[in-house]
Amino acid sequence: MADSPMRINALIVDASAPERLATFWSELLGRPIAGRMGPHVWLRRENDLGLGFQQTAGPKSGKNRMHFDVSSADPAAEQQRVETLGGRRLEQYADGGFLVVADPEGNEFCIIPEGPFELDDEGRADYLS
């Protein structure tokens with residue numbers, strides 16, 4: 001494919017409390033907080049991708065239209081870490097076979113295994129069995 005004129009530079013998460021949310025994600029991903037600029041708190045840029053948390057008015061409402069998938073050799077252990085850091089498992093998604101959790105402000109994300117895993121014909125994962 002030819003060089004694209006655009007690339008994803010950063011992912012920005014709206015936050016009622018950007019410092020708190022940045023701290024959660026910093027601990028979870030092992031990416032230290034790199035700085036603050038205006039209403040943004042930034043984690044250290046890795047693989048040329050920024051991750052920032054932007055101060056917004058009001059709490060999150062509704063389901064995310066886009067979410068992160070983070071990978072781990074041990075998704076169950078990471079679920080415990082998410083909960084220790086202030087997140088929670090979202091049981092309403094358990095029948096889909098994915099480990100769906102939320103950060104302290106309710107932003108959904110999945111913890112998937114590092115290696116390959118199978119999906120059934122309905123798109124459900126079986127790595128939690």
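Student: Which elements do the buried residues of helix 2 pack against?
Tutor: In this predicted model, the buried residues of helix 2 are Pro75, Gln79 and Val82. They cover an arc of only 60° around the axis, which puts them on the same side of helix 2. The elements that these buried residues pack against are helix 1, strand 5 (68-72), strand 6 (88-89), strand 7 and strand 8.

Student: Is Gln79 buried or exposed, and at what relative accessible area?
Tutor: Gln79 lies in helix 2, which covers residues 75-84, and beyond its neighbours within four places in sequence it is in contact with Arg89, Leu99 and Ile111. The cut-off for a buried residue is a relative accessible area under 20%. Gln79 is therefore buried, with a relative accessible area of 17%.

Student: At about what angle does helix 2 run to strand 8?
Tutor: Helix 2 lies across strand 5, strand 6, strand 7 and strand 8, and these 4 strands form an open sheet of mixed pairing in the order 5-8-7-6. The angle of helix 2 to strand 8 is about 150°.

Student: Which strands stand at the edges of this open sheet, each with a single partner strand?
Tutor: The order of the 4 strands in the open sheet is 5-8-7-6.

Student: Which residue in strand 7 is the bridge partner of Arg88?
Tutor: Strand 6 and strand 7 pair in the antiparallel sense, over 2 bridges. In the bridge that involves Arg88, the partner in strand 7 is Ala102.

Student: Which element gives the most to the largest nonpolar core?
Tutor: The largest nonpolar core has 25 residues, and those with the most contacts inside it are Trp25, Phe53, Val82, Phe98, Phe109 and Ile111. The elements that give two or more residues to this core are strand 1, helix 1 (18-29), strand 3 (40-43), strand 4 (50-55), strand 7 (99-102) and strand 8 (108-113). The element that gives the most, with 5 residues, is helix 1.

Student: Which residues is Val82 in contact with, leaving aside its neighbours within four places in sequence?
Tutor: Beyond its neighbours within four places in sequence, Val82 is in contact with Phe24, Leu28, Gly87, Arg88, Val101, Ala102, Phe109 and Ile111.

Student: How far apart are the end C-alpha atoms of helix 1?
Tutor: Helix 1 has 12 residues, and at 1.5 Å a residue these should span 16 Å. The expected span is 1.5 Å times one less than the number of residues. The distance between the end C-alpha atoms agrees with that expectation, at 16 Å.

Student: In which sense do strand 1 and strand 4 pair?
Tutor: In strand 4, the bridge partner of Ala10 is Gly50, while Trp42 stands opposite Gly52. Strand 3 and strand 4 pair in the antiparallel sense over 3 bridges. Strand 1 and strand 4, by contrast, pair over 6 bridges in a sense that is parallel.

Student: How far apart in space are Ala15 and Gln54, C-alpha to C-alpha?
Tutor: Ala15 is found in strand 1 (residues 10-15), and it counts as buried because its relative accessibility is 0%. Leaving aside neighbours within four places in sequence, the contacts of Ala15 are Leu21, Gln54, Gln55, Thr56 and Glu105. Although Ala15 and Gln54 are 39 residues apart in sequence, their C-alpha to C-alpha distance in space is 5.7 Å.

Student: Which residue takes a positive phi in the hairpin of strand 3 and strand 4?
Tutor: This hairpin has 6 residues between the strands. The phi in question is near 50°, and the residue that takes it is Asn47.

Terms used:
Residues are numbered from 1 along each chain as its sequence is written. This is a predicted model: local features need pLDDT of at least 70, side-chain atom pairs count only at pLDDT 80 or more; totals for chains, interfaces and linings use all residues. Side-chain values use heavy atoms; hydrogens and water are left out. Buried means under 20% relative accessible area, exposed over 50%, partly exposed in between (1.4 Å probe, protein chains only). Contact means heavy atoms within 4.5 Å. A nonpolar core is a set of buried Ala, Val, Leu, Ile, Met, Phe, Trp, Tyr and Cys residues joined through side-chain atoms within 4.5 Å. The arc is that of the directions from the helix axis to the C-beta atoms. Two strands pair if DSSP finds at least two bridges between them. Axes are lines fitted to C-alpha atoms, for helices over the stretch in contact, and angles run from 0 to 180 degrees between N-to-C directions.
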